[in-house]
Amino acid sequence: MKVRFWGTRGSIAKPGSSTVRFGGNTSCVEVRSASGTMIVLDCGTGAHGLGQVLMESGVHPLRGHILITHTHWDHIQGVPFFDPLFVPGNEWDIYAPRGLGSSLRESLAGQMQYTYFPITLEELGAAIRYHDLVEGVFDIGDIKVRTRYLNHPALTLGYRLEADGVSVVYACDHEPHSRQYAQGTGRMSEQDRRHIEFMRGADLVIHDAQYTTAEYPDKFGWGHTPVACAVDMCRLAGTRRLALTHHDPCRSDDRIDALCEDVQNSLPRAGRPMEVFAAAEGMTVELKAALPIKADRGSERFSAVAPIEPALQDHQVLIGIADETLAGKIQQAAQADNLRILRAGTSRDVLGIVRSTRLSLVILDDGQVGGDTLETCRAIREMVTDNVRDLPVVVVASAESDAGVGAGVTDWLIQPFTAEYARTRVRAWVMRSMCRWRRAPFPQNEGQRIEALNGLQLLDTKKEERFERITRIAAAAFDVPIALVTLVDRDRQWFKSHFGLSTTGTPRDQAFCAHTILDTNVMIVRDTLLDPRFADNPLVVGEPRIRFYAGCPLTLPDGTSPGTLCLIDTRPRDLDEEKINLLRDLGKLVEREMAAPPRP
């Protein structure tokens with residue numbers, strides 16, 4: 001994979017003698033796979049130079065894809081100056097996160113209205129297709145694209161591109177969720193950990209690094225990362241190379257050099273050090289895989305181009321805020337997306353509604369009447385009902401608290417904030433919960449399947465050595481801590497045998513095995529945190545913290561699948577073909593035991 005930087009400046013283009021070496025154009029990065037698939041990351045003013053080079057190449061027609069992180073000016077002002085968009089016969093697909101109240105096409109057309117620009121979007125000659133994105137995964141040619149919401153005042157996506165055995169992560173514009181962590185004075189939040197997992201093991205991360213740690217306190221909420229924090233997150237993610245980008249417009253070349261020198265002095269000398277450098281216009285980085293890697297082309301994952309409207313209307317948000325002015329501000333932000341609103345003024349009311357209602361989001365403040373906010377969060381997390389284990393709980397406060405991690409706070413909304421920013425965050429929280437945990441649909445033969453399952457007379461029976469023996473062997477053969485024989489009932493998943501796990505079942509809509517029984521093939525999830533079907537599943541974010549899953553569907557003589565033989569690990573991994581065949585063989589043994597008469 002080849003990566004070339006065309007624009008590295010943040011916020012506003014800054015040409016001049018002090019920015020010659022690192023460049024003054026705003027964000028634009030060209031990525032090409034070995035087969036020639038071309039993706040342009042952001043379309044800031046740097047896109048003008050890229051467009052000229054593409055036109056001079058003589059290739060016609062041109063086929064390309066533009067992934068826009070968000071529609072702030074510094075990321076889209078190159079669109080009207082990108083020459084390939086003017087040429088008939090060229091084909092371009094443009095992708096960006098679904099905007100607040102307007103589509104991608106409408107947002108791009110806005111900056112090209114006659115008041116601001118002499119040519120309208122309709123006058124571009126190329127065939128252009130527009131795609132509104134959510135959090136998920138999709139394919140562009142031979143490149144797999146994963147998306148994740150970033151923390152920015154506008155709804156913003158980060159992109160992870162995987163092809164040719166290597167991966168590139170592009171994360172502009174992003175601010176750490178924990179401001180204390182961003183300043184190096186506190187712990188990271190759970191959302192910061194998710195961001196790190198999104199970058200895990202990447203060969204190259206291109207990350208926002210607009211501020212210094214000293215500058216950051218004056219820029220809270222502006223949506224950008226201090227340099228030292230970007231380095232720390234990428235170090236924890238185990239990335240090979242980090243390109244610092246979105247340079248502040250006031251940062252000269254000499255000052256960028258000084259920042260890089262400080263970073264180099266702070267990196268550990270032992271082991272395999274991460275390479276850190278400042279992205280510069282014209283710089284090219286070539287990435288090659290150390291070993292051949294089989295591409296994961298799974299089609300079952302949540303599509304990032306899946307429609308989300310009017311899906312938001314089916315989600316309920318509970319606002320547990322006593323202050324009427326603040327509650328009204330949050331309610332206005334949520335109602336702008338037609339979300340259904342419930343209100344509660346006391347801790348007791350909050351817990352009652354959470355216990356009885358299926359919610360998509362709870363927003364509390366630190367001034368609740370009748371109870372401590374963090375105690376309310378703990379009480380929510382202690383509920384064992386299915387509708388709350390994965391529930392995002394956001395606290396509005398003037399500052400974060402490290403105690404929020406232990407209390408189960410999902411995220412913080414720090415005051416002061418604008419109504420538009422609140423709307424951006426509410427939308428991202430709700431959309432993330434609906435996109436990154438996908439409940440399996442029922443098989444077409446569900447009625448016949450349940451009848452056959454009940455006919456086995458295995459549900460809610462005592463342990464039997466004939467099944468226990470198989471899970472023990474499976475755990476040892478595959479070196480996993482957990483091996484299960486599962487039965488997928490109407491609304492639950494029950495474990496006939498559960499080696500390495502004390503619980504005897506889970507709700508069905510959390511069950512990985514409910515997905516497995518939809519097919520006859522072994523289902524493998526190499527890393528749950530990178531799979532939008534499972535990344536926010538309660539069994540992933542909570543105990544037993546599943547990172548790897550392999551399930552073999554069990555088949556009865558009538559062709560129905562009552563459950564699975566499955567393997568679980570708390571670390572990412574994979575199975576080769578030999579191991580997959582061994583899992584199938586063990587599954588056949590389970591099927592044989594199921595067909596045998598019940599034993600006393």
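The following is a dialogue on how terms are applied to this predicted model.

Trainee: Why is Arg148 called buried?

Mentor: Its relative accessibility is 2%. Buried means under 20%. Arg148 therefore counts as buried.

Trainee: What makes Arg148 and Glu135 a salt bridge?

Mentor: The closest N and O atoms of Arg148 and Glu135 are 3.9 Å apart. The cut-off is within 4 Å. The pair therefore qualifies as a salt bridge.

Trainee: Is Glu135 buried or exposed?

Mentor: Glu135 has 0% relative accessibility, so it counts as buried.

Trainee: Why is the pair said to tie parts together?

Mentor: Arg148 lies in strand E8, and Glu135 lies in the loop between strand E6 (127-133) and E7. Those parts are 13 residues apart in sequence, so the pair ties them together.

Trainee: What makes Glu375 and Arg378 a salt bridge?

Mentor: Their side chains meet at 2.8 Å, N to O. The limit is 4 Å, so the term applies.

Trainee: How do you know that Glu375 and Arg378 are about one helical turn apart?

Mentor: Both sit in helix H10 (residues 373-382), 3 residues apart. An α-helix has 3.6 residues a turn, so residues three or four places apart point the same way.

Trainee: Why are Glu375 and Arg378 called partly exposed?

Mentor: Glu375 has a relative accessible area of 45%. Arg378 comes in at 26%.

Trainee: What makes Asp527 and Arg547 a link between distant parts of the chain?

Mentor: Start with the salt bridge: their side chains meet at 2.9 Å, N to O. Asp527 is in the loop between strand E23 (523-525) and helix H16 (538-541). Arg547 is in the loop between H16 and strand E24 (548-553). The two residues are 20 residues apart. Both Asp527 and Arg547 are buried.

Trainee: What joins Arg63, Glu91, Asp93 and Arg129 into one network?

Mentor: Salt bridges that share partners join these four. A search of the whole structure finds 37 salt bridges.

Trainee: How do you know that the buried residues of H1 lie on the same side?

Mentor: The buried residues of helix H1 (residues 47-56) are Ala47, Leu50, Gly51 and Leu54. They cover an arc of only 100° around the axis, which puts them on the same side of H1.

Trainee: What covers the buried residues of H1?

Mentor: The cover includes strand E1 (2-7), strand E2 (28-32), strand E3 (38-41) and strand E5 (91-97). Just after H1, Gly58 takes a positive phi of about 80°.

Trainee: What makes E7 and E13 edge strands?

Mentor: Take the sheet as a whole. Its 7 strands run in the order E7-E8-E9-E10-E11-E12-E13, forming an open sheet with mixed pairing. Strand E7 (137-140) and strand E13 (275-278) each pair on one side only, and they are the edge strands. From one strand to the next, the twist averages 20°.

Trainee: How do you know that E9 and E10 are paired?

Mentor: Pairing needs at least two bridges. E9 and strand E10 (residues 166-171) have 5, in the antiparallel sense. Ala163 stands opposite Val166 in E10.

Trainee: Which strands does helix H5 touch?

Mentor: Helix H5 (residues 190-198) packs on the sheet against strand E8 (143-149), E9, E10 and strand E11 (204-208). Its direction makes about 170° with that of E8. Helix H6 (residues 227-237) also packs on the sheet, touching E11, strand E12 (241-245) and E13. The direction of H6 makes about 155° with that of E12.

Trainee: Which residues of the largest nonpolar core touch the most other members?

Mentor: They are Val3, Leu41, Leu67, Val145, Leu161, Leu204 and Ile206, out of 34 residues in that core. Strand E9 (residues 157-163) gives the largest share, 4 residues. A second, separate core has 31 residues, including Phe478, Ala483, Leu565 and Ile580.

Trainee: What is Leu41 in contact with, leaving aside its neighbours within four places in sequence?

Mentor: Its contacts are Ser27, Cys28, Val29, Val31, Leu67, Tyr159, Leu161 and Tyr170.

Trainee: Why is Leu267 called buried?

Mentor: Its relative accessible area is 10%. Leu267 lies in the loop between helix H7 (253-266) and E13. Not counting residues up to four places away in sequence, Leu267 touches Val231, Met274 and Val276.

Note on methods: Residues are numbered from 1 along each chain as its sequence is written. This is a predicted model: local features need pLDDT of at least 70, side-chain atom pairs count only at pLDDT 80 or more; totals for chains, interfaces and linings use all residues. Side-chain values use heavy atoms; hydrogens and water are left out. A nonpolar core is a set of buried Ala, Val, Leu, Ile, Met, Phe, Trp, Tyr and Cys residues joined through side-chain atoms within 4.5 Å. Buried means under 20% relative accessible area, exposed over 50%, partly exposed in between (1.4 Å probe, protein chains only). Contact means heavy atoms within 4.5 Å. Axes are lines fitted to C-alpha atoms, for helices over the stretch in contact, and angles run from 0 to 180 degrees between N-to-C directions. The arc is that of the directions from the helix axis to the C-beta atoms.
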